[in-house]
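Dear colleague,

I am handing over the structure below, together with notes on what was found in it. Please read the notes with the sequence and the coordinates open beside them.

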Amino acid sequence: MSAAANESNIEYIDWNNAFETLRKAYQLGIFVLIIGPKGTGKTTLVRKFASEINKQLSSVNFSLRTRESHLIGTNTIDNGQINFVNGILVHSMTQGDMLYLDELNAAEPDVLLRLDEALDDRRQIVLKEFHGQTIKANQDWFVIGTINPLSHVGTKELPPQILSRFPIRIMLDYPPEETELEIIRKHVNLGSASVEDSIRSAIKLASNLRRAASLEEIFYSPSLRETIAYSKLVATGTNAKVAAEIVFANVYHQWGEVEYRKVMDIIASIFI
Ligand SMILES: Nc1ncnc2c1ncn2[C@@H]1O[C@H](COP(=O)(O)OP(=O)(O)OP(=O)(O)O)[C@@H](O)[C@H]1O
Ligand SMILES: [Mg+2]
């Protein structure tokens, strides 16, 4: 079994006080949008919250290929009889589950239109696919969406009427450096002081690269996934500088030698 199988047991550090906002929103039945760059813990936060309040989670990870039928459902024929099999949206509405709409701003307009209908104050949807039947949401139904900022590849602007369906918004950015170290501690057994020192340096490197990416000086911004992967490598004996090249520098080869060199120069100044 690989070490990754333990991810669900890892404690979530609620450094942003997001749980309190989510709890309140759930009590009030107001839908929530989480906005933040990749790898800042959005999905983990939603999963932990669902398990804390003991709620079944149904997830949709949107892409250009997500079809209406995936959300609404499809007709099937069994022994000459036509049956309707609920899609994820309809299923979660009827069950009163928590629906997680991940990367909403990658969805196509026709898909958003159907969501728009279900998410408005009436919380119901008309199944044009099945005799115009109206599905009303169970009163425990709760919806959380996430979007990446528009600088991310493949993201589009979410139409204002969809945004307004999620009037409570949580911004989840990269954590402060000390917090990032605490998060890493939940994933990796740091062991010696020298390992911890090199992880602190890697966090500093990551935050420099994030800043440079936000100023569009470089093409890629490392996430918590990178700092966690780096820490796992050095905690199991990989040399600090070698690990930094593997995790932080090599990705820039995608944009050519010049980009890669820029990052390697920074690494060389930090790791001897
Ligand atoms: N506050 C935290 N406490 C513990 N682990 C965290 C925390 N935040 C992030 N992580 C870890 O960081 C990694 C990335 O988190 P996650 O997949 O939830 O990010 P995301 O924002 O959903 O990313 P994406 O936008 O790419 O989907 C995971 O391994 C997760 O466990
Ligand atoms: Mg995610």
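Arginine 123 counts as partly exposed, at 22% relative accessibility, where partly exposed is the range between buried, under 20% relative accessible area, and exposed, over 50% (1.4 Å probe, protein chains only). This arginine 123 sits in the loop between helix H5 (109-119) and strand S6 (124-127), and although it is not a glycine, arginine 123 has a positive phi of about 50°. Most residues other than glycine have a negative phi. Asparagine 79, likewise not a glycine, also has a positive phi of about 50°; its place is in the loop between strand S3 (73-78) and strand S4 (81-86), and with a relative accessible area of 83% asparagine 79 is exposed.

Before you go further, please note that this is a predicted model, in which local features need pLDDT of at least 70 and side-chain atom pairs count only at pLDDT 80 or more, while totals for chains, interfaces and linings use all residues. Residues are numbered from 1 along each chain as its sequence is written, chains are lettered from A and ligands numbered from 1 in the order in which they are written, and side-chain values use heavy atoms, with hydrogens and water left out.

As to the overall picture, the protein has 11 helices and nine strands, these being DSSP runs numbered from the N terminus (helices H or I with at least four residues, strands E with at least two). The C-alpha atoms fill a box of roughly 70 × 40 × 40 Å, taken along the principal axes, and buried residues make up 45% of the 272 residues in the protein.

The ligand site comes next. There are 19 residues around ligand 1, and Glu7, Ile13, Gly39, Lys42 and Thr44 come nearest, a residue being near if one of its heavy atoms lies within 4 Å. A polar backbone atom of isoleucine 13 is 2.7 Å from a nitrogen atom of ligand 1, an N or O atom in the side chain of lysine 42 is 2.8 Å from an oxygen atom of the ligand, and a polar side-chain atom of threonine 44 lies 2.5 Å from an oxygen atom of ligand 1. On its own ligand 1 has 630 Å² of accessible area, of which the protein covers 90% (areas from the Shrake-Rupley method with a 1.4 Å probe; for residues, only the protein chains shown count as cover).

Helix H2 (42-52), helix H7 (177-187) and helix H9 (224-235) are the elements that give two or more residues to the shell around ligand 1. By class, that shell has six nonpolar, seven polar and six charged residues, with Ala, Val, Leu, Ile, Met, Phe, Trp, Tyr, Cys and Pro taken as nonpolar, Asp, Glu, Lys and Arg as charged, and the others, Gly among them, as polar. Ligand 1 lies between domain 1 (3-171) and domain 2 (177-270), because both give residues to its shell; the domain bounds come from an automatic or database domain assignment.

Finally, the aromatic residues. Rings of Phe, Tyr and Trp (its six-membered ring) pair if their centres lie within 6.5 Å, with planes under 30 degrees apart counted as stacked, over 60 as edge-to-face and the rest as tilted, and by this rule the count comes to 12 aromatic pairs. Phenylalanine 31 and phenylalanine 142 form an edge-to-face pair, 6.3 Å centre to centre with 65° between the planes. The pair links distant parts of the chain, 111 residues apart, with phenylalanine 31 in the loop between helix H1 (18-28) and strand S1 (32-35) and phenylalanine 142 in strand S8 (residues 142-147). Phenylalanine 31 is buried, with a relative accessible area of 1%, and phenylalanine 142 is buried at 0%. Tyrosine 252 and tryptophan 255 form a tilted pair, 6.1 Å centre to centre with 45° between the planes; here tyrosine 252 is buried at 0% relative accessibility, whereas tryptophan 255 is partly exposed at 30%. Tyr26, Phe31, Trp141 and Phe142 form one aromatic cluster.

How values were computed:
A polar contact is a pair of N or O atoms within 3.5 Å; within protein, one must be able to donate a hydrogen and the other to accept it, and residues adjacent in sequence count only if both atoms are side-chain atoms.
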